[in-house]
Amino acid sequence: MPKCKIYLLVTALAVTSSLARGADRPDEIPFKLAQGFGIVIRGDIASMRDMSLLLDTGAVPSVINKRVASQLGIRGAPGSLTLLSKDSLAEYATVSEVRFGWIRPVGLTMVVVDLARLEKLVGTRIDAIIGLDTLIGQDFTIDYKHRKITRGLSGVARHVLPVEIHSLGGAPYWVLPISLGGEAFRVLLDTGANDVVLFADHAPKSVKAVKSGTTAHESAAGEGKAVALPPVTLVLNGATFKNQLAVAIGDPPGAFREFDGVLGPTALGITRIELDWERKCLRWDTQ
């Protein structure tokens, strides 16, 4: 969390300068990396300009902060919302337009949620969470090292991982096959998380003996109690990550039961991911 006003001022100036430079490059979106994992970009929501948006590949569907929806006078219809820890009721509203970089979804259905808890977690204002429902079929690259999102694929990624692309209410999400402790799992690609999470009943049998005590797990998809698993080897299509840390949380409700957990790319030290929709594969690097 921020600890120094001078540091915050310098950071704000650097981010503002970066955003200004990015404005001249229509195929490039600069971002701020909040707490080492949260991809925060600038954009517009309907008539409101220069909004703070969290790009989260695990958000199904996209979310608008209740505060912003109120300011825009947006009202919607009630519906159900599935988080990692529970099913709940939420309001669904249609937003006339969302704009960031080259992306311009019109008539986007978004969930109205109070994001105060998430804002505290990432240490910055979040006006909306942008999911893959705004980027369906569009190849793009997230470069964590250089803090930018670019249209298309870089062509230089060293690793390629075939994925499953599923849909929930018209909103897509990507499921990755991994090996953890020698066992196969299917996990949600979630840039809104900073760890590897398995649902309790899916944890590897080889590492069932967990460390004592619980901790709080929080991400854009929700929060809950988590138990740390002993370090274990994780494999992504032949690439090995030894002594990988992971946590186990309670089994989720609803659509989250379709897979075994959640993977945040930064938890593996991944520096770049590329979403290739046509070939249904994730391209990535750790350098």
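Predicted model: local features only at pLDDT ≥ 70, side-chain atom pairs only at ≥ 80, totals over all residues.
I then asked how many of the residues of E21 are buried. Five of the five are, so E21 is largely enclosed by the rest of the structure.

**Entry: the partners of E21**

Next I looked up what E21 pairs with. Strand E21 (residues 272-276) runs antiparallel to strand E22 (residues 281-285), and five bridges join them. I noted that E21 and E22 make a hairpin with four residues between them. In that turn, Lys280 has a positive phi of about 50°.

I followed single residues across the pairing. Arg272 stands opposite Asp285 in E22. Glu274 has Arg283 in E22 as its bridge partner. I then found E10 pairing with E21, again in the antiparallel sense, over four bridges. There Thr141 has Glu274 of E21 as its bridge partner. A reminder to myself: strands of a sheet pair through backbone hydrogen bonds, either parallel or antiparallel.

**Entry: the whole sheet**

Which order do the six strands of this open sheet have? I read it as E1-E11-E10-E21-E22-E12, with antiparallel pairing. Strand E1 (28-30) and strand E12 (159-162) stand at the edges; each has a single partner strand, so one side of each is left without a neighbour in the sheet. On average, neighbouring strands here are turned by 15° against each other, direction ignored.

I stepped back to Thr271, which sits in the loop between strand E20 (261-263) and E21. Is Thr271 buried or exposed? Its relative accessible area is 15%, which is under the 20% cut-off, so Thr271 counts as buried. Leaving out residues up to four places away in sequence, I found Thr271 touching Ile142, Asp143, Tyr144 and Lys145, and also Asp285, Thr286 and Gln287.

**Entry: ring pairs**

I counted five aromatic pairs.

Trp174 lies in strand E14 (residues 171-180) and Trp277 in the loop between E21 and E22, so the pair ties together parts that are 103 residues apart in sequence. Trp174 is buried, with a relative accessible area of 0%. Trp277 counts as buried at 10% relative accessibility. Elsewhere, I saw ring pairs linking Tyr173, Phe199 and Phe259 into a cluster.

**Entry: the nonpolar core**

Which residues of the largest nonpolar core touch the most other members? The core has 58 residues, and I noted Phe140, Ile149 and Leu282 as the answer. In soluble globular proteins, nonpolar side chains tend to be buried together.

I listed the contacts of Ile149, leaving aside neighbours within four places in sequence. Among them are Phe31, Trp102, Phe140, Thr141 and Ile142. Ile149 also contacts Asp27, Glu28, Ile29, Ile39, Ile41 and Leu55.

**Entry: a look at Gly107**

Gly107 is partly exposed, with a relative accessible area of 40%. Apart from neighbours within four places in sequence, Gly107 is in contact with Thr94, Val95 and Ser96. I also checked Gly107 against Ala46: they are 61 residues apart in sequence and 9.8 Å apart in space, C-alpha to C-alpha.

**Entry: the chain as a whole**

I finished with the overview. The protein chain has three helices and 22 strands. Of its 287 residues, 51% are buried. The chain exposes about 13,200 Å², and carbon and sulfur atoms supply 53% of that. Among contacts between residues at least 6 apart in sequence, 63% join residues at least 24 apart.

Note on methods
Residues numbered from 1 in each chain as written. Heavy atoms only, no water. Helix = DSSP H or I, 4+ residues; strand = E, 2+ residues; numbered from the N terminus. Buried < 20%, exposed > 50% of the residue type's maximum accessible area, 1.4 Å probe, protein only. Contact = heavy atoms within 4.5 Å. Areas by Shrake-Rupley, 256 points an atom, 1.4 Å probe, with all protein chains shown as cover. Pairing = 2+ DSSP bridges. Axes fitted to C-alpha atoms, helices over the stretch in contact; angles between N-to-C directions. Core = buried A, V, L, I, M, F, W, Y, C linked by side-chain atoms within 4.5 Å. Phe/Tyr/Trp six-rings, centres within 6.5 Å; stacked < 30°, edge-to-face > 60°.
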